[in-house]
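Here is a short briefing on one structure. The notes below are grouped by topic.

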Amino acid sequence: MKLDRRDFVASLEHGLAVIEAFDGQHARLTLTEVAERTSLTRAAARRYLLTLTKLGYADYDGKHFSLDLRVLRLGYGLLSGAPLPRKAQPVLDTVGWQTDEVTSVAVLDETAVVFVARSQSRRVFSPTVGVGTRLPAYCSSAGRALLSHRSDAEVLLLLGHSPLTQFTPHTRATPSAVLEAVHQAREQGYSISDEEYEIGLRSIAVPVPNAHGRVDVAMTASVQSGRMTREQMVEQLLPPLLEGAKSLSALL
């Protein structure tokens with residue numbers, strides 16, 4: 001759809017940019033930090049932040065701003081009514097029951113993966129991220145499973161737009177290292193992220209092709225590093241994930 005410049009609302013664009021400035025690594029930000037992350041002036045960022053606070057979408061403690069739970073309303077309608085989460089839920093619940101682990105489905109959104117559905121776990125504690133969480137594609141198992149079905153040129157283009165943060169000593173945070181991991185995922189049909197985003201967390205993911213063979217969806221499971229080695233993940237979690245991916249693929 002071609003948009004006439006007269007129909008474009010720049011203030012809405014800026015307001016959404018302020019909301020998107022907050023993420024899992026930047027849950028609390030000062031006014032200056034928001035201005036820097038959005039390329040807005042401090043005065044403009046302040047107006048948007050105070051408006052969001054007044055409307056109940058943000059909180060302010062006198063120094064830091066943070067998003068309020070009301071922001072979840074913006075995406076709840078999409079996630080609850082979108083076809084993918086509805087189709088994936090029974091499959092995820094089955095795989096979750098078989099493995100006794102939380103399993104999730106994620107899609108690629110620019111340089112990040114977004115988790116759009118997850119199973120329930122009988123475990124009291126699970127390190128798995130929740131629905132709506134965004135993780136960098138380059139260091140997450142779901143992201144690399146998806147990138148393994150993109151060309152090297154596409155992968156390098158994405159990496160060029162993604163800040164390659166060294167989250168842990170194990171993070172592959174250079175284009176060559178990430179590309180090597182993507183090649184490995186491409187060859188073996190699955191991807192593992194071993195404490196690359198968070199110490200104590202391992203995850204394994206498989207691609208889920210649609211009826212035309214295109215891969216826009218990944219299925220993943222996460223565990224505490226102390227409970228399961230990489231080899232045990234491949235032995236115990238990979239077969240149910242592959243079977244679940246096959247079931248979900250038939251629905252896409």
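**Salt bridges and selected local features**

At 29% relative accessibility, R230 falls in the partly exposed class. The model is predicted. A search of the whole structure turns up ten salt bridges, and R230 takes part in one of them, with D194.

**R230 and D194**

- The closest N and O atoms of R230 and D194 are 3.6 Å apart.
- R230 sits in helix α9 (residues 230–236) and D194 in strand β7, so the bridge ties together parts 36 residues apart in sequence.
- D194 is buried, at a relative accessible area of 17%, whereas R230 is partly exposed.

- R144 pairs with E196 in a salt bridge, and their closest N and O atoms lie 2.7 Å apart.
- R144 belongs to helix α6 (residues 141–147), while E196 is in the loop between β7 (191–194) and β8 (201–209), so this pair connects parts 52 residues apart in sequence.
- Both partners, R144 and E196, are buried.
- Salt bridges with shared partners join R144, R172 and E196 into one network.

**R150 and D216**

- The side chains of R150 and D216 form a salt bridge, at 3.4 Å from N to O.
- This pair links distant parts of the chain, 66 residues apart: R150 lies in the loop between α6 and α7 (152–160), and D216 in strand β9 (residues 215–224).
- R150 is buried, with a relative accessible area of 13%.
- D216 is partly exposed, at 31% relative accessibility.

**Helix α5**

- Helix α5 covers residues 83–99, which is 17 residues.
- From first C-alpha to last, α5 reaches 25 Å, close to the 24 Å expected at 1.5 Å a residue.
- α5 bends by about 35° at Q89.
- The buried residues of α5 are L84, P85, A88, V91, L92, V95, G96 and T99.
- In general, an α-helix has 3.6 residues a turn, so residues three or four places apart point the same way.
- D100 comes after α5 and has a positive phi.

- Most residues other than glycine have a negative phi.
- D100 has a positive phi, near 60°, and is not a glycine.
- D100 is in the loop between α5 and β4 (103–109).
- With a relative accessible area of 22%, D100 is partly exposed.
- E110 is another residue other than glycine with a positive phi, near 60°.
- E110 is placed in the loop between β4 and β5 (112–118).
- E110 counts as exposed, at 67% relative accessibility.

**Packing of α7 and α8**

- Two packed helices are described by the angle between their axes and the distance between the axes.
- α7 packs with helix α8 (residues 175–188) at an angle of about 140°.
- The axes of α7 and α8 are 11 Å apart.
- At that angle, α7 is oblique to α8.
- α7 and α8 cross with a right-handed sense.

How values were computed
Residues numbered from 1 in each chain as written. Predicted model: local features only at pLDDT ≥ 70, side-chain atom pairs only at ≥ 80, totals over all residues. Heavy atoms only, no water. Helix = DSSP H or I, 4+ residues; strand = E, 2+ residues; numbered from the N terminus. Expected span 1.5 Å × (residues − 1). Bend = angle between axes of the 7 residues up to and from the residue. Buried < 20%, exposed > 50% of the residue type's maximum accessible area, 1.4 Å probe, protein only. Salt bridge = Lys/Arg side-chain N within 4 Å of Asp/Glu carboxyl O. Axes fitted to C-alpha atoms, helices over the stretch in contact; angles between N-to-C directions. Parallel < 35°, antiparallel > 145°, perpendicular 65-115°, else oblique. Left-handed = near helix turned anticlockwise from the far one by under 90°.
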